[in-house]
Amino acid sequence: MSGPVRILGLDPGLRNTGWGIITIEGSRLSFVACGVVTSDAELDLALRLKQLYDRLTTVVATWTPDEVAVEETFVNKDAQATLKLGQARAMSLLVPALHSLPVAEYGANQVKKTVVGVGHADKNQVLAMVKILLPKADPKKADAADALAIAICHAHQRKARALAASY
């Protein structure tokens with residue numbers, strides 16, 4: 001690896017999509033920025049998706065990541081909610097793809113296991129570990145903390161893949 005790599009983690013949601021930017025250089029992780037992009041619940045679905053698209057485009061243009069990691073959708077009992085989440089997640093995949101950025105996807109349990117050490121950790125445990133791993137990070141919302149955790153997971157997974165490829 002030559003030089004720092006900037007990773008954007010995305011935690012998709014129709015109401016709130018968390019984002020977090022970290023850099024990895026060697027084995028060192030550094031916090032860059034984090035936040036949440038939102039859509040207006042009063043608008044029709046198409047306009048809400050456009051809001052997410054526009055706001056994620058701004059995040060990518062502002063922070064110029066090298067790679068992107070997105071949390072995979074879980075299926076719950078409410079099919080409508082799952083479908084809407086999937087559509088919001090599509091914006092999290094589309095925006096980086098339109099900027100020719102590589103996108104990796106990780107399940108929630110894989111992110112939690114990588115960051116906390118337990119696949120069924122709660123949001124407080126994830127936040128606590130994010131603050132330990134990225135001491136300068138101060139996410140104001142759980143969605144931003146989750147996005148940082150997704151970026152951390154990707155940083156660890158890419159190192160593991162690089163190590164495996166070197167054998």
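Me: Let's begin with charges: how many salt bridges does the structure hold?
Reply: There are five salt bridges. Keep in mind that this is a predicted model, so the values here are computed from it.

Me: Which residue does aspartate 54 form a salt bridge with?
Reply: Its partner is lysine 50, and the closest N and O atoms of the two are 2.5 Å apart.

Me: Which side chain does glutamate 105 meet in a salt bridge?
Reply: That would be arginine 89, with an N to O distance of 2.1 Å. This pair links distant parts of the chain: glutamate 105 belongs to strand β5 and arginine 89 to helix α2, 16 residues apart.

Me: Is arginine 89 buried or exposed?
Reply: Arginine 89 counts as buried, because its relative accessibility is 11% and the cut-off for buried is under 20%. Glutamate 105, at 39%, counts as partly exposed.

Me: What about lysine 140, which residue does its side chain meet?
Reply: Lysine 140 meets aspartate 138 in a salt bridge of 2.8 Å, N to O. Lysine 140 is exposed at 69% relative accessibility, while aspartate 138 is partly exposed at 44%.

Me: Why can such side chains pair at all?
Reply: In general, side chains of opposite charge can pair when their charged atoms come close.

Me: New topic: how many aromatic pairs are there?
Reply: The count comes to one. The rings of tryptophan 19 and tryptophan 63 have centres 6.2 Å apart and planes at 35°, so the pair is tilted. An angle under 30 degrees would count as stacked and one over 60 as edge-to-face.

Me: Where in the chain do those two tryptophans lie?
Reply: Tryptophan 19 is in strand β2 and tryptophan 63 in helix α1, 44 residues apart, so this pair also links distant parts of the chain. Tryptophan 19 is buried, with a relative accessible area of 9%, whereas tryptophan 63 is partly exposed at 26%.

Me: On to the inside. Which members of the largest nonpolar core touch the most other members?
Reply: Those are Ile22 and Leu134, out of 24 residues in that core. Several elements each supply at least two residues, including β1 (5-11), β2 (16-25), β3 (28-38) and α4 (123-133). Helix α5 gives the most, with eight residues.

Me: Which residues does isoleucine 22 touch?
Reply: Leaving out residues up to four places away in sequence, its contacts include Val5, Ile7, Leu29, Val32, Leu134, Leu148 and Ile152. Apart from this core lies another one of 18 residues, with Trp19, Ile21, Val60 and Ala88 among them. Trp19 is also the tryptophan of the aromatic pair.

Me: Why would nonpolar side chains gather like that?
Reply: In soluble globular proteins, nonpolar side chains tend to be buried together.

Me: How much space lies in the largest pocket?
Reply: About 410 Å³. The pocket is lined by 19 residues, and Asp11, Pro12, Glu71, Phe74 and Leu85 lie nearest its centre.

Me: Which helix gives the most to that lining?
Reply: Helix α2 does, with four residues. α2, α3, α4 and α5 each supply at least two residues of the lining.

Me: Last one: what does glutamine 51 touch?
Reply: Not counting residues up to four places away in sequence, glutamine 51 touches Thr38, Ser39, Asp40 and Leu43. Glutamine 51 is found in helix α1 and is buried, at 16%.

Conventions: Residues are numbered from 1 along each chain as its sequence is written. This is a predicted model: local features need pLDDT of at least 70, side-chain atom pairs count only at pLDDT 80 or more; totals for chains, interfaces and linings use all residues. Side-chain values use heavy atoms; hydrogens and water are left out. A nonpolar core is a set of buried Ala, Val, Leu, Ile, Met, Phe, Trp, Tyr and Cys residues joined through side-chain atoms within 4.5 Å. Buried means under 20% relative accessible area, exposed over 50%, partly exposed in between (1.4 Å probe, protein chains only). Contact means heavy atoms within 4.5 Å. A salt bridge is a side-chain nitrogen of Lys or Arg within 4 Å of a carboxyl oxygen of Asp or Glu. Rings of Phe, Tyr and Trp (its six-membered ring) pair if their centres lie within 6.5 Å; planes under 30 degrees apart count as stacked, over 60 as edge-to-face and the rest as tilted. On a 1 Å grid over the protein atoms alone, a cavity is a set of points where a 1.4 Å probe fits but cannot get out, and a pocket is an open set with protein on both sides within 12 Å along at least five of seven lines; lining residues have an atom within 4 Å of a point. Grid points are joined across faces, edges and corners, and a volume is the space filled by probe spheres set on the points.
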